[in-house]
Protein chains: 4
Amino acid sequence: MSQKKVSFENDYNTGCHPRLLEALEKTNALFTTGYGHDELCEEARNLIRKACLAPEAMVQFVMGGTQANIIACVAGLKPWQGVLSAKTGHINVHETGAIEAAGHKILITPSNDGIIDPDAIDQLCRAHYEDPSVEHTVQPGMIYVSLTSEMGTIFSLDTLKAFRRAANNWNLYLYVDGARLASALTSSVATITLPDLAKYTDMFTIGGTKCGALFGEAIVVTNSDLKNTFRYIIKQRGAMLAKGRLLGVQFCELFRDDLYFEIGRHENSMALMLADHFKERGYHLYMPPVSNQIFVIFDEEDEKIFKERAIFERWAVLSDQTRVCRFVTSYATTPEMVSACFSGT
Amino acid sequence: MSQKKVSFENDYNTGCHPRLLEALEKTNALFTTGYGHDELCEEARNLIRKACLAPEAMVQFVMGGTQANIIACVAGLKPWQGVLSAKTGHINVHETGAIEAAGHKILITPSNDGIIDPDAIDQLCRAHYEDPSVEHTVQPGMIYVSLTSEMGTIFSLDTLKAFRRAANNWNLYLYVDGARLASALTSSVATITLPDLAKYTDMFTIGGTKCGALFGEAIVVTNSDLKNTFRYIIKQRGAMLAKGRLLGVQFCELFRDDLYFEIGRHENSMALMLADHFKERGYHLYMPPVSNQIFVIFDEEDEKIFKERAIFERWAVLSDQTRVCRFVTSYATTPEMVSACFSGT
Amino acid sequence: MSQKKVSFENDYNTGCHPRLLEALEKTNALFTTGYGHDELCEEARNLIRKACLAPEAMVQFVMGGTQANIIACVAGLKPWQGVLSAKTGHINVHETGAIEAAGHKILITPSNDGIIDPDAIDQLCRAHYEDPSVEHTVQPGMIYVSLTSEMGTIFSLDTLKAFRRAANNWNLYLYVDGARLASALTSSVATITLPDLAKYTDMFTIGGTKCGALFGEAIVVTNSDLKNTFRYIIKQRGAMLAKGRLLGVQFCELFRDDLYFEIGRHENSMALMLADHFKERGYHLYMPPVSNQIFVIFDEEDEKIFKERAIFERWAVLSDQTRVCRFVTSYATTPEMVSACFSGT
Amino acid sequence: MSQKKVSFENDYNTGCHPRLLEALEKTNALFTTGYGHDELCEEARNLIRKACLAPEAMVQFVMGGTQANIIACVAGLKPWQGVLSAKTGHINVHETGAIEAAGHKILITPSNDGIIDPDAIDQLCRAHYEDPSVEHTVQPGMIYVSLTSEMGTIFSLDTLKAFRRAANNWNLYLYVDGARLASALTSSVATITLPDLAKYTDMFTIGGTKCGALFGEAIVVTNSDLKNTFRYIIKQRGAMLAKGRLLGVQFCELFRDDLYFEIGRHENSMALMLADHFKERGYHLYMPPVSNQIFVIFDEEDEKIFKERAIFERWAVLSDQTRVCRFVTSYATTPEMVSACFSGT
């Protein structure tokens with residue numbers, strides 16, 4: 001009988017963390033009002049505000065990351081504005097043109113390892129405003145950065161502050177896509193905290209899907225110019241869950257006693273264990289292993305061997321013989337799974 | 001201590017049917033691939049195809065009804081086309097302009113009790129094509145009808161066939177929004193079946209949210225011209241759930257042994273019980289009680305009295321003294337709740 | 001040999017007023033910069049500001065009325081907002097869904113003879129904000145009224161002030177589509193002037209196409225919140241003419257010595273002459289003859305007879321035997337053409 | 001008194017070619033129907049069909065190039081599709097995000113001197129369809145190439161055929177933006193003719209604005225799948241000129257006896273004269289001088305000197321000291337103007 005493979009395909013390949021499942025069971029029979037107006041959502045919103053040290057923040061829940069990104073762009077951009085993003089930004093490569101479908105150009109901005117270079121923002125904006133045909137080109141309106149980035153990298157508090165300065169200089173909103181925020185905030189090299197994000201950005205998301213929830217992203221909006229617009233947009237874009245309390249229940253559980261951070265640390269430690277195994281065996285990593293995504297360089301033969309034991313994605317083909325393969329850990333990853341990936345090596 | 005009120009506010013005020021919850025628990029720890037490519041979704045798709053006697057149908061799952069309606073319009077309409085709808089149609093009144101945000105005009109078509117008059121489709125289309133300035137007006141592209149309608153009414157198989165004929169005559173797609181399809185198909189006056197919908201429409205939805213699921217709508221597409229487009233659109237519109245298997249698990253349970261219809265029947269019987277109680281007490285119904293929504297005519301005093309015992313929505317104000325109030329039943333409604341609504345009367 | 005018919009088909013069935021043609025010839029060989037940055041456009045802008053007694057107004061030129069309406073809606077509406085319009089409003093019936101294609105719902109507002117009832121604005125807005133599901137419905141964002149209306153009617157200064165009050169009450173922009181403004185301002189029953197429009201609206205257009213220009217609408221924006229956005233939008237929507245000075249040349253000529261008003265008066269007097277001829281012969285007018293559009297009630301035989309002598313549009317079919325036909329006058333209409341329409345009667 | 005500068009700023013800095021002006025004068029007083037349904041437009045359409053050897057082609061006129069590009073993309077792309085373009089493509093850099101505002105991503109495709117590499121199309125499309133997450137990325141739907149390109153370059157008939165092959169391979173439409181087509185077709189190195197464009201593309205434009213017209217682009221559509229959609233789109237996008245005959249009159253004149261090509265040749269010869277002057281004086285050209293745009297490399301001092309005699313655009317800054325400046329010729333450029341640019345050198 002064929003051995004079952006261990007899965008490092010992504011961080012959304014199981015259901016939810018047992019504590020969240022239990023909370024969903026406990027509250028299942030309750031009658032509440034819909035669309036997030038219930039007390040469970042309100043409690044979750046309060047827990048998040050508290051964790052962000054941002055009592056005035058508006059918190060809204062949506063089901064997925066693409067939804068959150070669409071809504072942030074609709075809220076933050078005027079029809080003739082575009083959003084600055086790294087070429088590898090999720091909005092640029094993996095959302096089937098969702099931002100363009102909402103009417104906005106993505107203004108590709110030079111980046112390193114998936115993270116926009118703050119100086120490049122200045123250059124791009126200066127070039128726009130110095131162009132005598134300024135109105136023939138798309139006006140920069142918002143900075144999009146993901147934390148962790150799509151390359152598994154993270155940026156520092158200094159970089160966050162540099163983004164803020166650039167945003168202030170050029171009248172841009174700063175939006176952080178935190179689909180994998182738990183992993184970023186608990187990275188061994190992290191210097192950014194939730195309160196930092198609340199302080200330096202205009203809006204950011206706290207991803208639940210990739211941190212133990214069935215689904216769900218919390219959008220935290222601290223810029224008061226943006227607060228009143230969200231619920232109309234959420235409904236218009238099909239992102240307002242009828243049984244909204246399901247989002248409240250899950251985020252309550254994630255933020256009641258720091259389970260969110262506990263899961264992030266677990267994901268990172270499993271990823272580091274994977275990275276160590278690879279390095280011990282002489283493999284090179286394409287990116288530093290600082291979060292829950294590990295990018296390993298394989299040749300054709302390596303890839304084939306590991307495919308027998310594990311499920312993972314081929315991320316890129318560098319040359320005929322050289323591939324970058326991605327291994328992702330989640331709340332459900334165990335040390336045994338990591339070991340199974342190397343059994344017999 | 002104040003007695004807790006019973007809720008007839010809507011059919012999405014609890015979690016999910018216990019059998020669905022159990023299925024979610026059982027499958028929680030499984031590792032599967034994402035975005036609906038898993039075996040659980042495939043099984044659910046097969047069960048639905050079977051129930052529809054439509055082995056060739058494409059079935060896709062999304063999270064909510066507004067999402068489904070946006071996606072159907074994006075799939076079925078060309079940029080210069082509009083969708084025919086009753087004035088009371090959900091897409092016209094309660095989706096914050098989602099269809100217009102996707103670029104399409106809603107062409108209001110005369111209707112009775114929430115259901116488009118099939119003859120009015122012919123008139124509207126003839127007027128369009130006979131207009132010498134035809135290209136100055138929006139081309140009719142698709143018929144939108146909801147079953148049950150937003151007024152709780154249902155249409156007959158003859159009417160469905162009339163919609164089909166009109167669609168054929170004028171080169172329109174026919175789309176049925178089945179957010180409350182379970183209640184419609186199991187109504188005591190129902191003449192339409194799932195296979196009829198598969199046969200006579202181009203696409204329709206099978207609503208899960210209002211029939212015992214945590215969330216989820218199945219989109220059934222039988223017109224082969226439309227099949228290849230859906231997954232791109234679903235992703236672009238933020239409606240592709242990362243942990244897609246959650247939709248598979250729930251729809252498997254709903255369709256494995258007709259639980260879907262059982263819940264529909266239960267909803268309808270609870271609604272009829274409510275209607276009978278009202279009628280016994282001399283209240284008039286605004287619409288015939290054929291599905292899980294009951295519309296009662298109250299004066300100011302009536303409304304106040306019932307508000308003490310139950311949660312429900314004021315649907316319309318007919319005059320200073322006359323209101324239409326809506327009571328909705330769900331899988332979780334019990335005879336005791338119905339009785340509690342009339343205790344002491 | 002068959003006599004050539006006289007045309008009352010519309011007010012854009014010839015080239016341009018001889019004085020405009022002459023001005024185009026005179027300036028044809030000049031070298032100027034493009035896109036409306038030239039001195040001819042600047043002069044035209046100044047003449048319009050002066051005529052409006054609005055030295056601070058921003059004036060931009062576009063080629064056509066649908067362009068102007070799209071741009072006004074993109075400038076004035078947020079993505080979740082709609083524009084209030086009479087059912088007969090040009091944006092609702094004759095622009096192929098241009099406003100919806102820009103993402104916005106048209107909120108049909110009760111009207112009389114093509115003119116929104118100001119009280120109905122209050123009712124529509126109150127209903128929106130009192131709805132507990134407010135965010136499920138489209139937020140009112142702007143009032144669209146045309147002057148003259150699509151029915152050839154005009155509204156008074158008191159009504160304009162009532163629109164302004166409603167706009168202030170509900171935080172709406174007020175936009176007047178002046179495609180036929182010359183005819184409205186010079187109507188025998190006119191009480192509104194250009195300075196009134198500048199004072200009471202947020203933006204309005206001064207139509208050139210239907211008042212002797214080859215093409216061209218001037219958009220006058222007095223609300224300073226809106227001024228900075230226009231040129232980006234104009235370019236994005238394909239409405240920025242490369243040889244922009246053509247618009248400047250024409251509007252200079254129209255406003256240098258009140259030719260605009262002279263043409264308006266001529267159009268109206270020709271229309272009134274037509275109306276008098278019809279009335280003398282016992283025909284009934286469907287709308288009062290106050291501008292350059294005359295709506296006559298014909299039976300089948302009447303229509304046939306007049307079709308032999310003149311080109312005009314059938315506007316509506318009231319019953320099998322009763323039609324409303326539209327006769328439109330322009331700068332090029334002469335008393336001889338009017339007479340020719342009735343020769344032999 | 002200061003000498004007036006000669007203008008090489010662009011090819012739309014005057015009115016129109018005297019023959020077109022004369023034709024507009026001659027037809028000015030005619031009464032015709034609107035929106036391009038008149039006989040003058042029909043004659044122009046026939047002349048263009050004849051020049052293209054494409055009797056079945058649909059020809060529509062719009063006012064400007066951005067309009068034409070928007071309309072081509074709306075006609076040719078489905079909502080989840082993008083358009084392939086060089087990074088320097090006009091739709092990517094100088095239309096204020098018009099294509100994105102219509103909902104479509106621009107898929108930047110590797111190019112040389114402003115012209116897409118046909119092989120790169122294959123690579124981009126193969127990568128899309130081989131991606132297991134195919135529906136998470138934008139589907140290639142159309143190829144956009146401009147002739148001449150924004151760099152003043154032109155491609156050969158072989159390259160056009162290679163675009164066609166790529167289009168056939170990947171089910172793409174091929175659209176050529178011919179804003180400066182006259183210059184391209186009459187270039188000394190041209191191998192492409194109008195009939196070639198009609199044969200190998202699905203649609204292309206014949207630019208009038210930059211070839212002696214006041215304004216106007218003819219869209220030639222040879223793919224019969226696309227023909228029925230255009231007039232709805234043209235109206236919806238605000239591009240349907242009320243006095244449409246103005247476009248007919250001008251294109252009649254341009255195509256009645258090859259004036260279009262005569263103007264193209266004149267533009268090219270003036271540009272070549274400019275290029276020769278520059279080369280004689282030791283200046284280097286940034287691009288080969290094959291059309292009516294000349295790109296010269298200047299240092300700071302050069303630029304300053306020429307700015308005293310001529311109006312031209314700085315196109316790019318290569319380094320602190322090195323600029324690329326653009327000189328453009330038109331129907332109105334004379335040998336005297338070229339000489340004046342070098343007077344005293």
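Two strands are said to pair if DSSP finds at least two bridges between them. Strands (E, at least two residues) and helices (H or I, at least four) are DSSP runs, numbered from the N terminus. The structure is a predicted model, in which local features need pLDDT of at least 70 and side-chain atom pairs count only at pLDDT 80 or more, while totals for chains, interfaces and linings use all residues. Residues are numbered from 1 along each chain as its sequence is written, and chains are lettered from A and ligands numbered from 1 in the order in which they are written.

In chain D, an open sheet of mixed pairing is built from seven strands, in the order β2-β10-β9-β8-β7-β3-β4. At its edges lie β2 (58-62) and β4 (106-108) of chain D, each pairing on one side only. On average, neighbouring strands of this sheet are turned by 25° against each other, direction ignored; axes here are lines fitted to C-alpha atoms, for helices over the stretch in contact, and angles run from 0 to 180 degrees between N-to-C directions. Helix α2 (residues 39-51) of chain D packs on the sheet and touches β2, β9 and β10 (217-221) of chain D, contact meaning that the C-beta atoms of two residues, placed from the backbone, lie within 7 Å. The direction of this helix makes about 125° with that of β2(D).

Within the sheet, β8 (residues 173-177) and β9 (residues 203-207) of chain D run parallel and are joined by two bridges. Here V176(D) stands opposite F204(D) in β9(D).

Turning to the neighbouring chains, 42 residues of chain C are in contact with 41 residues of chain D. On the side of chain C that touches chain D, α1(C) gives the most, with four residues.
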